[in-house]
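Me: I'd like to learn how to read a few features in a structure like this one. Could you walk me through them?

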Amino acid sequence: MSTVELHTLTGAYALHALPEDERRAFEQHLHACEACALEVRELSATAARLGLAVSERAPRAMRERVLTEITTVRQESPGQGAPDRSAPPAGRAGRWSRYALAACLAAAAALGGVAVWQGRAAQDARQEADLAQQQNARLARVLSAPDAKTASARLPDGARGTVVVSRSVDRAVFLASGMERPPGGKVYQLWFDVDGTMRSAGLMDPSASDDAVLLDGAVDRASAMGITVEPAGGSDRPTSDPLALMALPTA
């Protein structure tokens with residue numbers, strides 16, 4: 001997808017209307033494009049306000065009364081001239097004006113649930129974008145640290161993994177490329193090895209063959225990191241042999 005095409009996705013992203021592949025591509029673009037980030041924030045805020053503006057649902061009796069009255073009102077014939085808007089409505093025309101307005105209000109109230117959903121979806125999208133930006137900032141802090149050290153290793157099936165450690169930040173990042181998808185219902189889980197005891201360091205995205213993960217928690221006294229295949233949602237302790245065990249780089 002070209003950059004020009006990505007610029008056109010702000011509205012769909014703000015309403016959570018993008019398919020997964022386009023959402024991921026747009027979020028990568030979003031981190032580097034301040035104009036799109038600003039537009040997404042503005043569209044999300046606007047959608048949220050519109051949703052709140054119609055969040056009250058009309059009484060059920062009103063909707064039923066409007067629908068009943070509509071069936072008794074004949075449509076104005078096309079040959080009649082435009083009504084005099086300076087005079088107050090009277091008779092059947094007046095009744096039609098009132099019921100037409102009520103019908104519009106009832107329809108708006110019925111659609112209120114959709115607008116509220118859109119507002120909430122937009123708010124969720126904004127929160128996700130903010131969280132993604134915060135996560136990227138944390139990743140960049142480790143990767144750009146003056147004392148950042150790296151170690152790489154070959155993983156099963158030709159994949160490659162690199163761990164980056166900053167002792168001053170006391171955090172680590174794991175970069176993977178060419179990872180095979182885990183079996184159905186499974187996920188790759190990362191671990192810190194602290195004196196032979198494995199401490200959970202987070203989960204990888206099961207749908208991504210290339211991933212950058214900020215390991216959960218401080219590096220502290222960990223000397224290595226491992227990767228295992230675990231049930232979806234992760235485990236408190238490894239339930240399988242590690243696919244890889246990588247020594248953390250030292251200063």
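Me: Let's start with salt bridges. How many does a search of the whole structure find?

Reply: The general idea is that side chains of opposite charge can pair when their charged atoms come close. In this model, which is a predicted one, the search turns up five salt bridges.

Me: Which residue forms a salt bridge with Arg 23?

Reply: That's Glu 20, with the closest N and O atoms 2.6 Å apart. Both residues sit in helix H3, three residues apart, or about one turn of the helix. Glu 20 is partly exposed at 40% relative accessible area, while Arg 23 counts as buried at 18%, because the cut-off for buried is under 20%.

Me: And what does Glu 20 do with Arg 24?

Reply: Their side chains meet in a salt bridge as well, at 3.0 Å from N to O. Here the two are four residues apart in H3, so about one helical turn separates them. Arg 24 is partly exposed, with a relative accessible area of 32%. Zoom out a bit and you get a network of salt bridges linking Glu 20, Arg 23, Arg 24, Glu 27 and Asp 205.

Me: Where do Arg 221 and Asp 195 lie?

Reply: These two form a salt bridge, their closest N and O atoms 2.6 Å apart. Arg 221 is in the loop between E6 and strand E7 (224–231), and Asp 195 is in the loop between E4 and E5, so the pair ties together parts that are 26 residues apart in sequence. Both are exposed, with Asp 195 at 63% relative accessibility.

Me: Which residues other than glycine have a positive phi?

Reply: Asp 195 is one of them, with phi near 55 degrees. Another is Asp 170, at about 65 degrees. Asp 170 is in the loop between strand E2 (160–166) and strand E3 (171–177), and is partly exposed at 26% relative accessible area.

Me: Now pockets. What is the volume of the largest pocket?

Reply: Rolling a probe the size of a water molecule over the atoms shows where empty space is left. Here the largest pocket has a volume of about 790 Å³. It is lined by 21 residues, and the closest to its centre are Arg 24, Glu 27, Asp 205, Asp 211 and Ala 212.

Me: Which elements give two or more residues to that lining?

Reply: Helix H3 (20–32), helix H7 (112–143) and strand E6 (211–214) do. H7 provides the largest share, six residues. By class, the lining has nine nonpolar, five polar and seven charged residues.

How values were computed
Residues numbered from 1 in each chain as written. Predicted model: local features only at pLDDT ≥ 70, side-chain atom pairs only at ≥ 80, totals over all residues. Heavy atoms only, no water. Buried < 20%, exposed > 50% of the residue type's maximum accessible area, 1.4 Å probe, protein only. 1 Å grid on protein atoms, 1.4 Å probe; cavity = no way out; pocket = protein on both sides within 12 Å on 5 of 7 lines; lining within 4 Å. Points joined across faces, edges and corners; volume = space filled by probe spheres on them. Nonpolar A, V, L, I, M, F, W, Y, C, P; charged D, E, K, R; others polar. Salt bridge = Lys/Arg side-chain N within 4 Å of Asp/Glu carboxyl O.
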